[in-house]
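Dear colleague,

I am handing over the structure below, and my notes on it follow. Please read them alongside the coordinates.

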Amino acid sequence: MKLGIIGLGYWGPNIVRNAIMNPEITRVVCCDRDPERLGNIQRTFSTVETCADADVLLQDSEIDAVAIITPVFAHYDLAKKALLAGKHILVEKPFMSTVQQAEEILELAEKHQRIVMVDHTFIFTPAVRKIKELYQSGVLGDLYYFDSVRVNLGLFQRDVNVIWDLAPHDFSIMHHIIGKRPVSVRAMGSDHVGKGMEDVAYVHVEFENNLIAHFHVNWLSPVKVRRMLIAGTKKMVLYDDMENVEKVRVFDKGIDVNTREAEYQMLVNYRSGEMYSPVLDNTEALKALLQEFIDAIQENRQPLTSGQDGLEVVRILEATQVSIKNDSKKINL
Ligand SMILES: NC(=O)c1ccc[n+]([C@@H]2O[C@H](COP(=O)([O-])OP(=O)(O)OC[C@H]3O[C@@H](n4cnc5c(N)ncnc54)[C@H](O)[C@@H]3O)[C@@H](O)[C@H]2O)c1
């Protein structure tokens, strides 16, 4: 496969490195408007070709697919042009700036029979794959809640607030594990720089059957925290992405509700069993993600993190924005 990669800023070079290592990718053309970034990539990876103009890259009929690794405001235009030029596309998170843009791109892809994949990187991590497996196989039972904290100092973005920057990771993990659309979203946040971009935010999401999810994202934290609690009726999981050894811990803890007790007695019994940490392999997520993109194209099927999954995440993101602008109003999805 011959791959074009547009955007060589902070994240793009990671995609380039993995593309070069993939034996099925025989040609990599890297594109950025910034000549310094083009020069850097050429010096670091001598086998890549470079190009300063995305339109020129898209007119190269040899290129089968394009990875769009630019800031979100540029995703829609580049994705549209790439699809019209007959390319399959891999688009960075967040997929698009609005639900309408995402729907349009999916329609266009359908019309032109092209594959759309979104880089929801975490879905390809061994930790998230293990948690999904634990939930799907019934080990966790029914879920009570999903709770995530993703905080650090910066990096302040110019075009999006902290929710659009950090929460796509959490929303995509939640969407992947639970596999259902939430019924409502509420969000609150504040901007301490005065540019109209929230840098500290809290998002509350509700599903049917009393399942709730809560997200705290923050660019103003003195420490980096990446912690997720997923509690089920049978087992509870703590996923700490900052941990090197025991990233995922499964607790046999919970409650048993005894409805036969007399009213004046305690109805809740606590269960406090063992904890174990499953062994995880150490596959690099982006390596698995690129392979999935290639396989989906060759097999002409939807990839694991499809454009539709990207749209579902954008739907929640858009709702948080409406909620914040309306005094944390509950927005039904
Ligand atoms: N999956 C992840 O874990 C992860 C991590 C970081 C960033 N991202 C995503 O990656 C994307 C890029 O983020 P970044 O931090 O690398 O941004 P960045 O600003 O560091 O780099 C973007 C690059 O794109 C180039 N560019 C923009 N428009 C262009 C165009 N039309 N033609 C050619 N070049 C163009 C810019 O010159 C710049 O070099 C964002 O969507 C971001 O959300 C994903």
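Two residues are taken to be in contact if their C-beta atoms, placed from the backbone, lie within 7 Å. On that basis, residues 24 or more positions apart account for 67% of the contacts in the protein chain with a separation of 6 or more. This is a predicted model, in which local features need pLDDT of at least 70 and side-chain atom pairs count only at pLDDT 80 or more, while totals for chains, interfaces and linings use all residues. Residues are numbered from 1 along each chain as its sequence is written.

The protein chain has 9 helices and 15 strands (DSSP runs numbered from the N terminus, helices being H or I of at least four residues and strands E of at least two).

An open sheet of 9 strands, with mixed pairing, has the order β14-β13-β12-β11-β7-β10-β9-β8-β15, where two strands pair if DSSP finds at least two bridges between them. Its edge strands, each pairing on one side only, are β14 (268–276) and β15 (331–332). Within the sheet, β9 (residues 200–206) and β10 (residues 212–218) run antiparallel and are joined by 7 bridges, and alanine 201 has valine 217 in β10 as its bridge partner. Helix α9 (residues 307–325) packs on the sheet, where it touches β8 (184–190), β9 and β15, and its direction makes about 60° with that of β8 (axes are lines fitted to C-alpha atoms, for helices over the stretch in contact, and angles run from 0 to 180 degrees between N-to-C directions).

Elsewhere, helix α1 (residues 12–21) packs against helix α8 (residues 285–299) at an angle of about 65°, with their axes 9 Å apart.

With regards
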